[in-house]
Amino acid sequence: MAEEEEESELSDKQKVEIAKWFLLNSPPGEIQYVAKDVKLILNDDGLFNEAASEAFPLYNKSHFIVLPMSDRSGDVLVTSFGELEDNAYLDPRTAQVAIVDHVKQVCTGVRPAQDEELATAYIEEFRFSLDAEILKYVEDVYPKGVCSVYCVNGKDTEGPGSDFELAVVISAARHSPQNFCNGSWCSVWNIVFKDEQQTVEVKGKLQVAAHYFEEGNVQLDAKHECKDATLFQAPEDCALALSSIIRHHETELHI
């Protein structure tokens, strides 16, 4: 009997992996609640800290959580597109880098972005114009929504003649645990500017998640992908065309 109990005992590695699974599969806005329960079940601070240190960064980036900057200059999106190094995330709009404590889900510091962390003036024209149009759209459609536009490829391009890629990230969440429901909207739009073809290719990934848990436990996780294209034009014209494309496809999913 003692041998059977010994064989069924989980190893520390297995405990950590199970804890990570529960943390990573937490519904939108609920990882802190899940973490409290996981910590109680593990009853081992070392194992919990190991699981949390691995799971929280992945969860935060996959859910595009939004954190207020410590200097109150704005919000930063926690996303792999803006990740510079461990716990450091670029906010292109303010040209600042936020230092993030993933487990506590707070911004602990802010520093100016270095020149090599930012796009060239040529790329910034396109990024800035698109950011301005997407910001108008998000303010119109998503209450408390946050967006950012990143250069993910070709940020050192000095002028016409080379391809480059921007990524638009939109994150909107509504957390109402007192009413037993939480939900989030996350969308990513990868936009490739092809100089030779004079076209702009658009690929979108949209995700809606919701959790309703009054006298039950119901979860929704809907995903949708789409493609589109437009002409390579001046920055302002590209921004208008791209924001229209994004609005069109997202509205189709809203309906």
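**Close-up views of a predicted model**

**View A. Contacts between helix 2 and helix 3.** Lys 15, Ala 19, Phe 22 and Leu 23 of helix 2 are in contact with Ile 31, Val 34, Ala 35, Val 38 and Leu 42 of helix 3. The structure shown here and in the following views is a predicted model. The crossing of the two helices is right-handed.

View B. Five strands make up an open sheet in the order 7-8-9-10-11, and their pairing is antiparallel. Strand 7 (146-153) and strand 11 (218-231) are the edge strands, each of which pairs on one side only. From one strand to the next, the twist averages 15°. In a regular strand, side chains alternate between the two faces of the sheet.

**View C. Strand 7 and its pairing with strand 8.** Seven bridges connect strand 7 to strand 8 in the antiparallel sense. Val 149 has Val 168, in strand 8, as its bridge partner. Strand 7 is mostly covered, with six of its eight residues buried. Helix 5 (residues 121-141) lies across strand 7, strand 8 (164-176) and strand 9 (181-194). Relative to strand 8, helix 5 runs at about 25°.

**View D. Thr 157 in the loop between strand 7 and strand 8.** Thr 157 is located in the loop that lies between these two strands. Is this residue buried or exposed? Thr 157 has a relative accessible area of 11% and is therefore buried, the cut-off being under 20%. A polar atom of the Thr 157 side chain lies 2.8 Å from the backbone oxygen of Gly 154. Leaving aside residues up to four places away in sequence, Thr 157 touches Thr 120, Tyr 122, Ile 123, Ser 162 and Asp 163.

**View E. Strand 10, strand 11 and the loop between them.** Strand 10 (residues 199-212) and strand 11 run antiparallel and are joined by 14 bridges. Gly 204 has Cys 226, in strand 11, as its bridge partner. Glu 215 lies in the loop between strand 10 and strand 11. With a relative accessible area of 83%, Glu 215 is exposed. Phi of Glu 215 is near 55°, a positive value in a residue other than glycine. Most residues other than glycine have a negative phi.

**View F. Gln 105 in the loop between strand 5 and strand 6.** Gln 105 is placed in the loop between strand 5 (96-101) and strand 6 (106-112). The phi angle of Gln 105 is positive, near 55°, in a residue other than glycine.

View G. A relative accessible area of 47% makes Ser 80 partly exposed. Ser 80 and Ser 62 are 18 residues apart in sequence, and the C-alpha to C-alpha distance between Ser 80 and Ser 62 is 8.3 Å.

Key: Residues are numbered from 1 along each chain as its sequence is written. This is a predicted model: local features need pLDDT of at least 70, side-chain atom pairs count only at pLDDT 80 or more; totals for chains, interfaces and linings use all residues. Side-chain values use heavy atoms; hydrogens and water are left out. Two strands pair if DSSP finds at least two bridges between them. Helices (H or I, at least four residues) and strands (E, at least two) are DSSP runs, numbered from the N terminus. Axes are lines fitted to C-alpha atoms, for helices over the stretch in contact, and angles run from 0 to 180 degrees between N-to-C directions. Contact means heavy atoms within 4.5 Å. Buried means under 20% relative accessible area, exposed over 50%, partly exposed in between (1.4 Å probe, protein chains only). A polar contact is a pair of N or O atoms within 3.5 Å; within protein, one must be able to donate a hydrogen and the other to accept it, and residues adjacent in sequence count only if both atoms are side-chain atoms. A crossing is left-handed if the near helix is turned anticlockwise from the far one by less than a right angle, and right-handed if clockwise.
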